[in-house]
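Reader: I would like to learn how to read a helix and its packing from a model. Please take me through one case.

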Amino acid sequence: MTPSEYPEQPVEEVRTHEIGNRTYVVANVDPLDVDGTRTVAVGSGLFLVAFLALLPFRERLEASGHTWWLWTCLAGFGLGVIGWEYCRRRKRHRQSAAGA
């Protein structure tokens, strides 16, 4: 697309921020109401799946010096569970504050 093919943007709604010698155009978009619980739960689940998928290859990982892959997946799952609980508590706190 050439610049002339883009739809014209309303000028009164365009905001800019100048940082150093650069100017950034900021879109006028409402923020998403995302609490992060689903993202953290999916990430934790993926770490668990990766740990379980690598578990049958433990001997091969030890022989090649890549055992840390297993422990990284396990640590990612553990920290993800902690983060998931944190996000759940934050979500409940925000909902109770909005209801009050």
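**Reading helix 1**

Author: On the other side of helix 1, R38, T39, L46 and V49 are exposed. Bear in mind that this is a predicted model.

Reader: Which residues of helix 1 are buried?

Author: The general idea comes before the case. An α-helix has 3.6 residues a turn, so residues three or four places apart point the same way. In this structure, T37, S44, F51 and L54 are the buried residues of helix 1. Viewed down the axis of helix 1, these buried residues fall within an arc of 135 degrees, so they line one face of the helix.

Reader: How many residues does helix 1 have, and what does it reach from its first C-alpha to its last?

Author: Helix 1 has 18 residues. From first C-alpha to last it reaches 26 Å, close to the 26 Å expected at 1.5 Å a residue.

Reader: At what angle do helix 1 and helix 3 pack?

Author: Helix 1 (residues 37–54) packs with helix 3 (residues 68–99) at an angle of about 160 degrees, and their axes are 8 Å apart. That makes helix 1 roughly antiparallel to helix 3, since angles over 145 degrees count as such. As for handedness, helix 1 passes helix 3 in a left-handed crossing.

Reader: How do the residues of that contact divide into nonpolar, polar and charged?

Author: The contact of helix 1 with helix 3 has 16 nonpolar residues, 6 polar and 2 charged.

Reader: Single residues next. Is R38 buried or exposed?

Author: The test is a cut-off: exposed means over 50% relative accessible area, and buried means under 20%. R38, a residue of helix 1, has a relative accessible area of 68%, and therefore counts as exposed. R38 and R88 are 50 residues apart along the chain, and their C-alpha atoms are separated by 9.6 Å.

Reader: What is the relative accessible area of V40?

Author: V40, also placed in helix 1, has a relative accessible area of 23%, so this residue is partly exposed. In sequence V40 and W84 are 44 residues apart, while in space 5.6 Å separates them, C-alpha to C-alpha.

Reader: And what does F47 count as at 35% relative accessibility?

Author: F47 lies in helix 1 and counts as partly exposed at that 35%.

Reader: Where is the place of T16?

Author: T16 belongs to strand 1 (residues 15–19). Its relative accessibility is 45%, so T16 counts as partly exposed. T16 and V26 are 10 residues apart in sequence, and their C-alpha atoms are 5.6 Å apart in space.

Reader: Which pattern does the chain follow along the sequence?

Author: Such a pattern lists the elements in sequence order. Here the chain reads β-β-α-α-α, and its secondary structure comes to 3 helices and 2 strands.

Reader: How many of the 100 residues, as a percentage, count as buried?

Author: Of the 100 residues of the chain, the buried ones make up 13%. Among them are T37, S44, F51 and L54 of helix 1.

Technical notes: Residues numbered from 1 in each chain as written. Predicted model: local features only at pLDDT ≥ 70, side-chain atom pairs only at ≥ 80, totals over all residues. Heavy atoms only, no water. Axes fitted to C-alpha atoms, helices over the stretch in contact; angles between N-to-C directions. Helix = DSSP H or I, 4+ residues; strand = E, 2+ residues; numbered from the N terminus. Parallel < 35°, antiparallel > 145°, perpendicular 65-115°, else oblique. Left-handed = near helix turned anticlockwise from the far one by under 90°. Nonpolar A, V, L, I, M, F, W, Y, C, P; charged D, E, K, R; others polar. Expected span 1.5 Å × (residues − 1). Buried < 20%, exposed > 50% of the residue type's maximum accessible area, 1.4 Å probe, protein only. Arc of directions from axis to C-beta.
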